[in-house]
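Good morning, colleagues. Please keep the structure in view while I speak.

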Amino acid sequence: MRKGSVKEVLSKIKYDPNEDEADYYVVIEHRGSYGGVKRIPVKEIELGHGYFFLGETQIPYHRILKVVRRNGRVIWETRKRTNL
């Protein structure tokens, strides 16, 4: 499941012509939302160095808990212990 950094996984999803970024979403730590997590479709983010962007908002990669395919299969997950 966990192969490489989260940025490498997201880069493959966004730039590999064999992948459809609309099939994926990320789960991030988000203190202001219900349950402390938020789901964001990969097609809505732009990749940067150390951060990804959701519109004007910078979100650090270390806040990503999971990258999940639309069918529920976890593609990448942080090594942090979570109950998500």
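I begin with the open sheet of three strands, which are ordered E3-E4-E5 and paired in the antiparallel sense. Strand E3 (46-47) and strand E5 (57-60) are its edge strands, each pairing on one side only. Two terms need their criteria: strands are DSSP runs of E with at least two residues, helices are runs of H or I with at least four, and both are numbered from the N terminus. Two strands count as paired if DSSP finds at least two bridges between them.

A word on the source: this is a predicted model, in which local features need pLDDT of at least 70 and side-chain atom pairs count only at pLDDT 80 or more, whereas totals for chains, interfaces and linings use all residues. Residues are numbered from 1 along each chain as its sequence is written, and side-chain values use heavy atoms, with hydrogens and water left out.

Within this sheet, four bridges join strand E4 (residues 51-54) to E5, antiparallel. Phe52 has Ile59 of E5 opposite.

The other sheet I wish to show is also open: four strands, in the order E2-E1-E6-E7, with antiparallel pairing. Here strand E2 (37-41) and strand E7 (74-77) form the edges, each pairing on one side only. Strand E6 (residues 64-69) and E7 are antiparallel, with three bridges; Val67 has Trp76 in E7 as its bridge partner.

Finally, helix H1 (residues 6-15) packs on this sheet, touching strand E1 (24-29), E6 and E7, where contact means heavy atoms within 4.5 Å.

Terms used
Axes are lines fitted to C-alpha atoms, for helices over the stretch in contact, and angles run from 0 to 180 degrees between N-to-C directions.
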